[in-house]
Protein chains: 2
Amino acid sequence: MINKKPLIFISNDDGYQANGIRQLIEMLRPLGQILVMAPDSARSGSSMALTSSVPVKFRKICEEKDLVVFSCSGTPVDCTKLAFHVFFQDEKPDLVVAGINHGDNAAVNVHYSGTMGVTIEGCLKGAPSIAFSSLNKAKDADYSSYTSLVQKLTALVLDKGLPEGVCLNVNFPMTSVHKGVRICRQDKGNWVQEWEKYLQGEGSNSYLIAGDYISNEPSSSDTDRWAIENGYVAITPTTIDMTAYNMMNVLKDWFKE
Amino acid sequence: MINKKPLIFISNDDGYQANGIRQLIEMLRPLGQILVMAPDSARSGSSMALTSSVPVKFRKICEEKDLVVFSCSGTPVDCTKLAFHVFFQDEKPDLVVAGINHGDNAAVNVHYSGTMGVTIEGCLKGAPSIAFSSLNKAKDADYSSYTSLVQKLTALVLDKGLPEGVCLNVNFPMTSVHKGVRICRQDKGNWVQEWEKYLQGEGSNSYLIAGDYISNEPSSSDTDRWAIENGYVAITPTTIDMTAYNMMNVLKDWFKE
């Protein structure tokens, strides 16, 4: 494209009609030209799942100056892969942004999150990538008080880039006012009481997912979970290299002849 | 349970009827009592996806001495979470094992893999967890030459445990004979040409997933991809903590007042 404005790809896991992605688009329109490809319906908990059993389709929803929106029948990662395949063969986007997710993706949720799926996929493809999520999961949540923060961080990443293999997982607290930004590590914790019986009765083997998240380190003030629970914005730099380097020598000893 | 044999949970993403999981069950039966809950059909590329829109059901397929097999309507991670909820409230399994996957999960595939989904979920729940996958994706593949290796590694992990937050991603090469075990790091690379048009013609926006994996470091002999391409078994220790620690100070500088 001849336009010199940064090219920004946006997706999410709540679907293209969700309130969060609409607010994110408006926040980022002043910063560049935007291409959106997002799921045609809610796809929470998609992680980095791919659609391999059926074809994936997309269609144009709207086109305006410096903005085009497509909906897609696939997962968040399908949306990202397909947008790169169809639209970004010649010119990679300057930025991949996911969200704003209605529900936080801090702590172990990084593994289940379709929002982070978009972001990790963007990072795997070599584009600077950011996920925005909020502890406030209300469908009509107003995230507008985070506009200046979203614009500031996005402009910083457009300016400075991110190291190869590193993306950003950003989570907002519940409140519209926040106490500032904390650079965090991923909290250690567990989901408990994860299922509810769908049909009561002894013979029923039908369950609906539920659950509560319990931090194993609730008083560690350097974790993302602590930050959002205490009114701060958490930025967790996230790596796509999952190698546990400090375990390599232990394993080499196990297999020493 | 009163039985002193180790309790081993097995799942996969190819479904409970797949050849790979059947072979894995037979390999591990001498080592303990086994509970299987695996998807009722193939769920490749499930990553750590959860089912949140519909109830998840399971049913018993068979029960023998020290072996019970359930099929489940959910994803690999659903299977793991549901087995822990229903059967492992009082006693955690001594081991979670996933596979044997028909297709490798080395390199960036760790992110898309349902096999690794089971393993990371087991690790999140505090159980020592291992994934076995093979570069040989043939549905009728015979993995029996790996029996002694699977039994040796499984026994080592039962004996020594794994550090908190670390699981093992094991990948076999294509051949039935291997050159030995390599302790590896995750290869850096990309999938390319990821989509094929499902219906030809200019107006078609329907695609099927495809693609080839290209390593960015094909001559680095310490990566998992190199190992399996060169006839070795790759063991990649894998962490559930995705924090990019070396980026934290850079980000703190960005937000310094």
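The model is predicted, so local features need pLDDT of at least 70 and side-chain atom pairs count only at pLDDT 80 or more, while totals for chains, interfaces and linings use all residues. Residues are numbered from 1 along each chain as its sequence is written, and chains are lettered from A in the order in which they are written.

Begin by selecting the contact, which takes 56 residues from chain B and 56 residues from chain A, two residues being in contact if their C-beta atoms, placed from the backbone, lie within 7 Å. On the side of chain B that touches chain A, β13(B) gives the largest share, five residues; strands here are DSSP runs of E with at least two residues, and helices are runs of H or I with at least four, numbered from the N terminus.

Next, select strand β3 (residues 56-64) of chain A, which is joined to β11(B) by two bridges and runs antiparallel to it; two strands pair if DSSP finds at least two bridges between them. Here A:K57 stands opposite B:S206 in β11(B).

Now display the open sheet of 11 strands with mixed pairing, ordered β10(A)-β11(A)-β3(B)-β4(B)-β2(B)-β1(B)-β5(B)-β6(B)-β7(B)-β13(B)-β8(B). Because β10 (195-197) of chain A and β8 of chain B stand at the edges, each with a single partner strand, one side of each is left without a neighbour in the sheet.

Within this sheet, select β5 (residues 95-102) and β6 (residues 129-134) of chain B, which pair in the parallel sense over five bridges, with B:V96 opposite B:S129 in β6(B).
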